[in-house]
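Thank you all for coming.

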Amino acid sequence: MQEPRLNSLWGKLDLEKASKGPIVSNTQVDATTKSSTQAILQKCDAINYQGGIDSQPFNPFHTAVDSFHDGKASVDGKMMLMSGSYSYLGLGKSARIKAAIDSAFERYGCANQGSRALTGSTVLHEELESSIAKFLGSDSGVIFTNGYLTNYTTISTLIGPGDSVITELTNHNSIQAGVRASGAKVYSFSASNLATLRKALEKAQGTTSFVVADAIFSMDGTILDLPTVVGLCKEFGAFLMLDEAHSLGVLGSTGRGIVEHFGMDPQDVDLRMATLSKGLTGVGGAVVGDTTITKALSRGAHGYLFTGAPPVLETAAALESLRILDEEPEIVVALQKKAQYLRDGFSAKGLPVWGHDGVPIIPVVYDNVEIVYEMTARLFKEGVFVVPAIYPAVSKKTPRVRFSVTNAHSLADLDSIVDIFGQINDEVDAHRHAVISLS
Ligand SMILES: Cc1ncc(COP(=O)(O)O)c(C=O)c1O
């Protein structure tokens, strides 16, 4: 079996490298010389080192924003073009969302009243569940407190020891965590070479086989080849779960995601997960599929039962944003056009962008992390707020500056991003470090 690269590539920080010295693992605490507290503090030091980012002249991470504005953010009193946000439909400050939150506040207040299973469920939660299921052409839906938890608890509830899970190598960390927690036998595949999926399915034959993949790969801006994946899952009788975190409200002519993008039947996919914190406006995660499954998740998933309900004001916002999406599909087309506009703008300047047409995540990949830091720092200085994607989010060989587009951007904003980035790229002669493609 091909060993999954989960731990090395995604699951854990490379603490040994990060600390530039020997690592104290959980099993190596020397009780005679070190207390457990000291050992844990040493481990935290290694984590905090973060590859030396604090010693860089500029640390792009954890920047605190004063206020958000259409396509912009104020940082330390300076207005920046925001090109790192996932709020794709740009509805965060819309009057309808504000009215929905105000009305929910009048009805419920802001306090969390407990777990969904106990006293925390409201009719807004239930309305969002049925609405998102209907929107995605599915039987039923269930919502959770955030997207990370949704993947983690769904996967680890539905499969377990004795089952097989077949996971794409670059799936989001929340999927990887759920996969590890499930105790199922893990096989991996690469979306860029689906022969690896066939091989994994062959090896998993005779067991309950659970295939899981992102619909849009958020680090690469690429779309999963769903027709081929569905074909293989059907051939082998495997269960298919998709993460539509970055594709709900983004793909398809009306934002119904990857199934609509490929003109397929929603029933081709057993289970779809989406976050409420990206295309939609809010916080939370949703799973849609067969009622037996969504009911089982609300009865048995620990991440549903043993945590506070999704915040009701955010639930109201997510529900209203779903209504807007349903009533005004033109906002999806507008987003896709803007995404393509930035992509084309970069390409016209000879900047080698990764990803697929119309996807609002646009990575420019370099062969070393220093150039990525330098580009990010210069962009920040020139008024463009964009964060680098580095190891362990991506492979050490392909760090990147990753731009995002939202409907809140004007074309003039996007022109400015292209001009500023193009100029900086020329100034530091970054072209020679560009990675055109993986092969
Ligand atoms: C593909 C994917 N799945 C799940 C999540 C987790 O979603 P949330 O931010 O709602 O916890 C993310 C978050 O970035 C994501 O990119």
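This is a predicted model: local features need pLDDT of at least 70, side-chain atom pairs count only at pLDDT 80 or more; totals for chains, interfaces and linings use all residues.

Two bridges join β15 to β16 (residues 400-404), and these strands run antiparallel; helices (H or I, at least four residues) and strands (E, at least two) are DSSP runs, numbered from the N terminus, and two strands pair if DSSP finds at least two bridges between them. Within this pairing, Pro388 has Val401 of β16 as its bridge partner. Residues are numbered from 1 along each chain as its sequence is written, and side-chain values use heavy atoms, with hydrogens and water left out.

The sheet as a whole is open, with three strands in the order β13-β16-β15 and antiparallel pairing. Because β13 (361-365) and β15 (388-389) stand at the edges, each with a single partner strand, one side of each is left without a neighbour in the sheet. Helix α14 (residues 330-348) packs on this sheet, touching β13 and β16, and its direction makes about 20° with that of β13; contact here means heavy atoms within 4.5 Å, and axes are lines fitted to C-alpha atoms, for helices over the stretch in contact, with angles from 0 to 180 degrees between N-to-C directions. Helix α15 (residues 369-381), for its part, lies across β15 and β16 and runs at about 40° to β16.

Let me turn to the other sheet. It is open and has seven strands in the order β4-β12-β11-β10-β7-β5-β6, with mixed pairing, and its edge strands, β4 and β6 (185-189), each pair on one side only. Four bridges join β5 (residues 164-168) to β7 (residues 209-214), which run parallel, and Ile166 is paired with Val211 of β7. Helix α9 (residues 226-236) packs on this sheet, where it touches β7 and β10 (239-243), and its direction makes about 155° with that of β10.

How is the chain divided? There is domain 1 (6-53), domain 2 (56-85 + 329-433) and domain 3 (95-327), the bounds coming from an automatic or database domain assignment. The C-alpha centres of domains 2 and 3 lie 27 Å apart, and 19 residues of domain 2 are in contact with 19 residues of domain 3.

Where does the second largest pocket lie? Domain 2 and domain 3 both give residues to its lining, so this pocket lies between them. On a 1 Å grid over the protein atoms alone, a pocket is an open set of points with protein on both sides within 12 Å along at least five of seven lines, a cavity is a set where a 1.4 Å probe fits but cannot get out, and lining residues have an atom within 4 Å of a point. The second largest pocket is lined by 25 residues, of which Phe68, Lys72, Met82, Ser85 and Ser87 lie nearest its centre.

Finally, the cavities. The largest cavity is lined by Ser83, Gly84, Tyr86, Val387, Arg402, Phe403 and Ser404. As for the second largest cavity, β4 (140-144) and α12 (302-305) each supply at least two residues of its lining, which includes Arg116, Phe144 and Tyr304.
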